[in-house]
Amino acid sequence: MKALNANAAHILIIDDDEDIRRLLTMRLQARGFRVTQAVSAEQGLACIAVDTPRLVISDIRLPGRDGMSLFEELHHTRPSLPVILLTAHGTIPDAVAATSRGVFGYLTKPFDSQTLMARIDQALLISAGDDRPGGEQADASWCEGVIHRSTCMAELLADARMLALSDASILIRGESGTGKEVLARAIHRASQRAGGPFIAINCGAIPEQLLESELFGHVRGAFTGAAAARNGLIQAANGGTLFLDEIGDMPLSLQVKLLRVLQERAVRPLGATRSEAVDIRLLSATHRDLEAAMAQGQFREDLYYRLDVVSLTLPRLDARREDIPLLAAHFLRQLGAKYGKPISGFAPDALEALATAGWPGNVRQLFNVVEQCCALTSTPLIPASLVQRALRAPAMDALSYNEAKQRFERDYLVRLLKLTQGNVADAARIAERNRTEFYRLLQKYDLAPAMFRAAEEG
């Protein structure tokens, strides 16, 4: 058997037949895939919440909810996640009906092993490039700068990787400080243009009179002071990716010229009489409500639809609290080296203060808080007092379980267990529930603490 590649595609098998699960697991692991098993739809959903797979293989007849019901929920919440259904009672009309509703594959038991493997390869190839063991994109280096363990970020990255394989323009939405440029760079690294340049420009940070020259370039004598011709950033991005941050701040006069570049795939420098062909992939980002800006006449509708072919929305930091300990540790390693201090970590109460604080400035604010703590600490372990000083405000209380809406129970429990790395006592304390009641809640959703400890160790 091949050694398992931790970065190989993760496949979830859902079947109450132990022999089928064992057989499929052996065959998939022999090919180097990473496999998780579940015996019911609910347990499968719990596994997906912990570690989103690249492919789900499910029996149709399951205890409780059936496989088709499971597919319908996944298709609604994770439309890019391919599902292959297996059944011992299949008919041609059943297969047609299932595939017409979005099921990737439908096979009748006993199924041919080679046929199933071929369908698995097709699903992985279509969903996000060649992730078969040994494939060119089998590693996760493309998104190494996006530190996360939260489900919402894992789902966002799965969509980003799939979109990276196309040349479609992507609009990245999100509040200031959520990491829009980091995501844009990751998309570039996962794309066919990874060998080309990545050029980023903040449209709101450059005065209007300079932005036009920066973007489009100019010829000699185009304006006072233009002593020599100069290529613009659009030309510099030729063969690669151009990232326009805060596109909502671009002046209307330049929006017209940018639209022409996107339509004609050519750029005319200031003062030039001829256009030059360019081959770029455009990514843009904004924290503004562009729909409202269009309604107010501040943003061109035709340009908006050129930019927003597909959109991705980065969540606020307080919507992905389970990522805070990871991010804080990552920044601490960077900044400890920068300041030349042997800092080993945060004290437990300091880490809890970070995890439960309000973060209006999102990831950027977290970085600044960690940097201030690094600069001021005189001990290897950063105390809570320094964190509170850097936050300039008392930490807010963690959400209690009663504050979470009923339909988000499972996601709430998953986030708590990720935050505490599967420590039920800590999770129950944060949720303000005794351990017996908390265990009952976990059993309700087939959530085993060991799943989260294994995910962290892996």
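Reader: Buried means under 20% relative accessible area, exposed over 50%, and partly exposed in between (1.4 Å probe, protein chains only). What share of the residues in the chain is buried?

Author: Buried residues make up 49% of the 458 residues in the chain. This is a predicted model, in which local features need pLDDT of at least 70 and side-chain atom pairs count only at pLDDT 80 or more, while totals for chains, interfaces and linings use all residues. Residues are numbered from 1 along each chain as its sequence is written, and side-chain values use heavy atoms, with hydrogens and water left out.

Reader: How many helices and strands are there?

Author: The chain has 20 helices and 14 strands. Helices (H or I, at least four residues) and strands (E, at least two) are DSSP runs, numbered from the N terminus.

Reader: Which strands form the sheet that contains β11, and in what order?

Author: Five strands form that open sheet, in the order β7-β8-β11-β6-β12, and the pairing is parallel. Two strands pair if DSSP finds at least two bridges between them. Strands β7 (198–202) and β12 (310–313) are at the edges, and each of them pairs on one side only. On average, neighbouring strands of this sheet are turned by 20° against each other, direction ignored. Such angles run from 0 to 180 degrees between N-to-C directions, and axes are lines fitted to C-alpha atoms, for helices over the stretch in contact.

Reader: Which helix packs on this sheet?

Author: Helix α6 (residues 151–164) does, touching β6, β11 and β12, and its direction makes about 150° with that of β12. Contact means heavy atoms within 4.5 Å.

Reader: Is β11 enclosed or open to the outside?

Author: Strand β11 (residues 281–286) has six of its six residues buried, so it is largely enclosed by the rest of the structure. Arg 281, Leu 283 and Ala 285 are buried on one side, and Leu 282, Ser 284 and Thr 286 are buried on the other.

Reader: Why do the residues split into two sides like that?

Author: In a regular strand the side chains alternate between the two faces of the sheet.

Reader: What stands opposite Leu 283?

Author: Ile 170 stands opposite Leu 283, in the parallel pairing of β6 (residues 170–173) with β11 over four bridges. Phe 243 also stands opposite Leu 283, and four bridges join β8 (residues 241–245) to β11 in parallel.

Reader: And β8, is it buried or exposed?

Author: Five of the five residues of β8 are buried, so this strand is largely enclosed by the rest of the structure. Thr 241, Phe 243 and Asp 245 are on one side, and Leu 242 and Leu 244 on the other. Thr 241 stands opposite Arg 281 in β11 and is the bridge partner of Phe 198. Five bridges join β7 to β8, which run parallel.

Reader: New topic: what is the strand order in the sheet with β1?

Author: It is an open sheet of five strands in the order β2-β1-β3-β4-β5, with parallel pairing. Strands β2 (34–38) and β5 (105–108) stand at the edges with a single partner strand each, so one side of each is left without a neighbour in the sheet. Strand β4 (residues 83–87) runs parallel to β5, joined by four bridges, and Leu 85 stands opposite Tyr 106 in β5. Helix α1 (residues 18–30) lies across β1 (10–14), β2, β3 (55–59) and β4, running at about 170° to β2.

Reader: How do α17 and α19 pack?

Author: Helix α17 (residues 409–419) and helix α19 (residues 435–444) pack at an angle of about 120°, with their axes 10 Å apart. Glu 409, Leu 413, Leu 416 and Leu 417 in α17 meet Phe 438, Leu 441, Leu 442 and Lys 444 in α19. By class, this contact has six nonpolar, no polar and two charged residues. Ala, Val, Leu, Ile, Met, Phe, Trp, Tyr, Cys and Pro count as nonpolar, Asp, Glu, Lys and Arg as charged, and the others, Gly among them, as polar.

Reader: Last one: how many disulfides are there?

Author: The count is zero, where a disulfide is a pair of cysteine sulfur atoms within 2.5 Å. Cys 47 counts as buried at 9% relative accessibility, and Cys 203 counts as buried at 2%.
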